[in-house]
Structure formats: C-alpha cells, structure tokens
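Welcome, and thanks for taking a look at this structure with us. Please keep the sequence and the 3D view open as you read the short report below.

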Amino acid sequence: MGMVALGYETTLPVTMSQTLSATAAVARVVKSAMVVGDMPFGSYQCGDDEAMKNAVAIIQAGADAVKLEGGARVCGLIRRMTEAGIPVLAHVGMTPQSVNQFGGFKKQGKGEAAAQVAADARAVEAAGAFAVTLECIPADLAAKITAELKISTIGIGAGPACDAQWLVMHDLLGLNENAPSFVKQYAHLAGDVRAAFAAYVKDVTDGAFPGV
Amino acid sequence: MFYSNSNLDTIEEFEKRREAAAKLSLADGVELIVDDYDHDSWLKTVAAGLENEPEKGARCAKCFRFSLARAAAYAAAHGYDGFASSLTVSPHKISAVVFGAGEAAAETIRQTHPDGEVPEFLRYDFKKGEGFKLSVRRARELGLYRQGYCGCEFSKRKGAEVC
C-alpha cells in the first residue's frame with residue numbers, strides 16, 4: 001500500500017491509522033477471501049504490549065489475521081499473538097521494513113546467508129505462524145524451505161516452488177510503472193488511464209463534454 | 001493406489017516402478033490398481049510438438065493432466081470420493097502445477113457427469129513437512145527401486161533433473 005498507493009519510496013512511513021483505514025475498506029467489500037492486515041513499521045517494534053494493542057486494532061478493523069516481518073527476533077510476539085487468538089502470517093527473507101539495514105531492496109539468503117533465512121522460517125513456524133511469506137530469496141532456497149515446513153509458504157520474487165504466490169495488485173494490473181523485475185504484468189493500465197484522462201481533457205477543452 | 005505411468009519411455013522402467021508400487025501397497029495394505037501402459041498414446045497426446053520443452057515446462061504440465069485425467073476417470077468409474085497425486089512429493093515438481101492439472105481433471109469429470117457425484121481432487125502436497133525426505137527413508141526401509149530420472153525420454157537429456 002505504502003509504495004503503490006500512497007506514493008512513498010519505502011513502506012516505512014505507513015502509519016497505523018492508514019493501515020486501519022485500508023483494512024476496514026478491504027474488509028467491507030470482501031466476501032470470501034481472507035483479509036490479512038500488514039502491521040506497519042513501528043507498530044510492533046516499541047514493546048510487545050503496544051504490538052498486541054495494534055494487532056487487536058487491526059483485527060477489530062476487519063482483518064482475519066495480521067502479518068509482521070522478521071524471523072527469530074519476532075517469535076515471542078508471534079507466540080503471544082497466536083495464544084491470544086490472532087492468526088499471524090510471518091515474513092522472512094527480504095523484509096521491506098528492514099530496507100535500511102539491507103542497504104536497499106536487495107535479494108537476501110544468498111550463499112551462507114541461506115541458513116539464516118531457513119532458520120528464521122523454521123522459527124516462525126515453531127512460534128505458531130499459520131504461513132510465511134518468503135520475499136526475494138533464491139528459488140532453490142525457497143523450494144527447500146517450502147518442502148521442509150508444514151505451514152504454507154507464500155513467495156514473492158522467490159521462484160515457483162512456494163505453496164502460493166504474492167503479486168501486488170497494482171503491479172499485476174500495470175498501474176505501477178516502476179514494478180520490481182520479478183513482477184509479471186497482466187495488463188498495462190497505466191497507459192490506458194493516462195489516455196483516458198487525456199481524452200477527457202480534450203473533450204472538455206473541445207466542448208465535446210459535457211453535452212448541452 | 002492407482003499406478004499410471006504411460007509417460008515412461010520403456011516397458012522395463014514401467015515394470016521396475018510397478019514392482020516398487022506393489023511392494024509399497026503390500027506393506028501399507030492398500031490395493032494397487034495398475035493402469036495400462038500406452039507410451040505411444042502419451043507421445044501423441046502429450047509430447048508431440050513439445051519435445052524440446054525444458055523440464056518443468058509445458059510438456060510436464062500436459063503430462064500431469066494426461067495421467068491425472070486417467071486417475072480421475074478411474075476414480076469416477078469406481079465411486080471414489082476423491083483423488084490426490086504423489087507427484088507432489090518431488091522437490092522438482094511444482095505443486096501448484098500438479099494441483100491445476102488435478103483440478104482440471106476433476107472439472108472434466110464433473111462436466112461429463114452433471115447429475116452424479118464425482119470425485120474431488122485433493123490438494124495434498126506430499127512434499128510438505130519434509131515429505132520428500134520421509135519418502136526416501138521409507139523407500140530405503142522397504143528396499144524400493146528409486147528412479148534416476150522423471151520418466152519420459154526427454155527427461156533423460158543431459159541437465160534434466162531427477163525426481
């Protein structure tokens with residue numbers, strides 16, 4: 001949401017109130033899909049009690065589950081949320097809220113770092129996460145983790161072997177013209193939108209719209 | 001246990017794998033049903049025009065659909081509630097593609113039996129939870145033949161992955 005809808009360079013500026021507003025809007029129209037509220041940066045880094053309050057707020061806004069980033073370091077939180085009845089979708093590999101530590105949106109888990117990503121995935125499973133996002137890691141590592149875990153893996157830039165795949169709607173529809181390289185666009189709506197607005201402006205300036 | 005392997009390039013390989021399936025069915029006390037071996041039909045229906053596709057490509061997806069259609073037809077004809085595929089145990093098989101093939105096979109049966117109860121495809125991923133490792137251990141315990149290639153002549157090419 002932060003980068004494709006709110007115009008931010010990273011996901012870091014997204015706030016709890018923006019998350020609650022978006023979660024509630026999605027929950028109002030969804031009929032059968034599971035709604036997962038993504039916990040924004042800062043909402044679970046400032047103490048576990050604060051994190052719990054924020055997770056509860058996201059569920060009360062209409063989400064069925066929350067997602068948070070990190071491996072072993074967030075396992076205490078995952079355990080606590082799960083025990084409180086809040087399903088947690090974990091997220092390891094290239095976790096966008098750690099972009100400043102990574103020095104950019106760079107592939108993680110290459111070479112010796114693979115063992116850490118795999119250990120993080122095992123840790124979040126043991127802590128009670130119902131599924132784990134594997135973002136931007138080598139495809140063979142994602143395949144290995146997917147086979148090892150009992151919970152489902154959801155890949156984004158992690159090859160075809162994951163149990164399920166993420167694709168950001170704006171990227172899928174071609175609304176985001178700066179999409180990551182692993183994205184496949186199934187439409188190119190940015191051009192269509194631009195053409196529609198140009199036609200509208202032309203009609204107004206030509207006097208063709210509105211009609212008399 | 002429904003054994004259907006018309007993708008195998010030789011009858012000898014079909015027999016080796018059938019014997020392994022027979023040992024497993026005996027050990028687990030489940031019935032083994034052996035489908036006809038018809039590699040010529042597989043070559044015409046699946047491989048024609050896709051001979052140069054890489055492993056995990058279009059030929060493999062079509063092959064899954066071929067075998068799972070036979071499993072679905074058998075399941076429907078014999079009153080089974082559902083069917084799954086052991087293809088998902090392989091780390092070299094993309095489970096989502098297997099699931100797509102299984103659901104397409106179930107849908108075909110549904111369309112041809114509009115008023116009857118038809119078997120559902122069960123999206124069971126046998127590789128999950130170290131399933132592949134468990135399968136290797138079980139094969140070792142039972143002394144089962146372990147294949148060195150997926151099955152068809154094209155999967156034997158240099159660089160192709162074993163299953």
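## A strand to start with

How many of the 5 residues of β5(A) are buried? In this predicted model, 4 of the 5 are buried, so β5(A) is largely enclosed by the rest of the structure.

Let us look at one of its partners. Strand β4 (residues 131-135) of chain A runs parallel to β5 (residues 152-156) of chain A, and 5 bridges join the two. Along this pairing, A:Thr133 faces A:Ile154 of β5(A) as its opposite residue, while A:Leu134 stands opposite A:Gly155.

## The sheet around it

Stepping back, you will find that β4 and β5 belong to an open sheet of 6 strands in chain A, in the order β1-β2-β3-β4-β5-β6, with parallel pairing. The edges are taken by β1 (36-38) and β6 (164-165) of chain A, each of which has a single partner strand, so one side of each is left without a neighbour in the sheet. As a reminder, strands of a sheet pair through backbone hydrogen bonds, either parallel or antiparallel.

Helices come into the picture here too. Helix α5 (residues 114-127) of chain A lies across β3 (88-93) and β4 of chain A, and its direction makes an angle of about 170° with β3(A).

Helix α2 of chain A covers residues 48-60, 13 residues in total, and spans 18 Å from first C-alpha to last, close to the 18 Å expected at 1.5 Å a residue. Its buried residues are A:Ala51, A:Asn54, A:Ala55, A:Ile58 and A:Ile59. Viewed down the axis of α2(A), the buried residues fall within an arc of 140°, so they line one face of the helix.

What covers these buried residues? The cover includes α1 (16-29), β1, β2 (65-67) and α3 (75-83) of chain A. On the other side of α2(A), by contrast, A:Asp49, A:Lys53 and A:Gln60 are exposed. After the helix comes A:Gly62, which has a positive phi, near 130°.

## Where chain A meets chain B

Finally, a look at the contact between the chains. Here 8 residues of chain A are in contact with 10 residues of chain B. On the side of chain A that touches chain B, the residues divide into 5 nonpolar, no polar and 3 charged.

Terms used: Residues are numbered from 1 along each chain as its sequence is written. Chains are lettered from A and ligands numbered from 1 in the order in which they are written. This is a predicted model: local features need pLDDT of at least 70, side-chain atom pairs count only at pLDDT 80 or more; totals for chains, interfaces and linings use all residues. Two strands pair if DSSP finds at least two bridges between them. Two residues are in contact if their C-beta atoms, placed from the backbone, lie within 7 Å. Axes are lines fitted to C-alpha atoms, for helices over the stretch in contact, and angles run from 0 to 180 degrees between N-to-C directions. The expected span of a helix is 1.5 Å times one less than its number of residues. A residue is buried if 20 or more other C-beta atoms lie within 10 Å of its own, exposed if 12 or fewer, and partly exposed in between; C-beta atoms are placed from the backbone. The arc is that of the directions from the helix axis to the C-beta atoms. Ala, Val, Leu, Ile, Met, Phe, Trp, Tyr, Cys and Pro count as nonpolar, Asp, Glu, Lys and Arg as charged, and the others, Gly among them, as polar.
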